[in-house]
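Please read the following note with the sequence and the model open beside it. The points run from the overall fold to single residues.

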Amino acid sequence: MNVLEERTLAAAYNFHNYGKTVIGNRTDVERVPISNLAAFYQKYYQPDNAILIIAGQIDESKALGMVAASLGASPSPRAS
C-alpha cells in the first residue's frame, strides 16, 4: 500500500479500523518478541489457509497437475 492511500484511509476512517493497516504499525510489529512471531507463523501460516484462484482459458488437467506438483507436497499443519 502506498503512503498516500494509507494516509487517505486514516483520515477518512479516523475512528474505525478501516483506517488502520492490516498488520499494524511497523513500530507495533517491531516490539513483538521474535518467539511470538515465530509461534504465530507456525500456527497460522499453513497450506490449509491458502486459497488458489485460476482464471482464464486454461487446460484444466494441466492446471490441476501444476497445482498438485507445486502445492500438493506442502506439509499438513501441525496439530494445535
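1. How many helices and strands does the secondary structure of the chain come to? The chain has 4 helices and 0 strands, where helices (H or I, at least four residues) and strands (E, at least two) are DSSP runs numbered from the N terminus, and along the sequence the pattern reads α-α-α-α. The radius of gyration, taken over C-alpha atoms, is 19 Å, well over the 12 Å that the globule rule gives for 80 residues, so the chain is more spread out than a compact globule; that rule is 2.2 Å times the number of residues to the power 0.38.

2. A caution on the basis of this note: the model is predicted, so that local features need pLDDT of at least 70 and side-chain atom pairs count only at pLDDT 80 or more, while totals for chains, interfaces and linings use all residues. Residues are numbered from 1 along each chain as its sequence is written, and side-chain values use heavy atoms, with hydrogens and water left out.

3. Along the principal axes, the C-alpha atoms fill a box of roughly 50 × 35 × 20 Å. Of the 80 residues, 4% count as buried, the classes being buried under 20% relative accessible area, exposed over 50% and partly exposed in between (1.4 Å probe, protein chains only). The chain exposes about 7,500 Å², of which carbon and sulfur atoms supply 59%, with areas from the Shrake-Rupley method and a 1.4 Å probe.

4. Which residues make the nonpolar surface patch of about 480 Å²? The patch is made by F40, Y41, Y44 and Y45; patch residues have over 30% relative accessible area and no salt bridge, with nonpolar side chains (Val, Leu, Ile, Met, Phe, Trp, Tyr) joined within 5 Å and like charges within 9 Å. Y41 lies in helix α3, residues 34–44, and is partly exposed at 46% relative accessibility.

5. The count of salt bridges comes to 1, under the criterion of a side-chain nitrogen of Lys or Arg within 4 Å of a carboxyl oxygen of Asp or Glu. The side chains of D28 and R31 meet in a salt bridge at 2.4 Å, N to O; D28 is partly exposed, with a relative accessible area of 35%, whereas R31 is exposed at 61%.

6. Two loop positions deserve a look in the viewer. I23, in the loop between α1 (3–12) and α2 (26–30), is exposed at 67% relative accessibility, and its C-alpha atom is separated by 23 Å from that of I53, 30 residues apart along the chain. G56, in the loop between α3 and α4 (60–71), is exposed at 61% relative accessibility; G56 and L37 are 19 residues apart in sequence and 37 Å apart in space, C-alpha to C-alpha.
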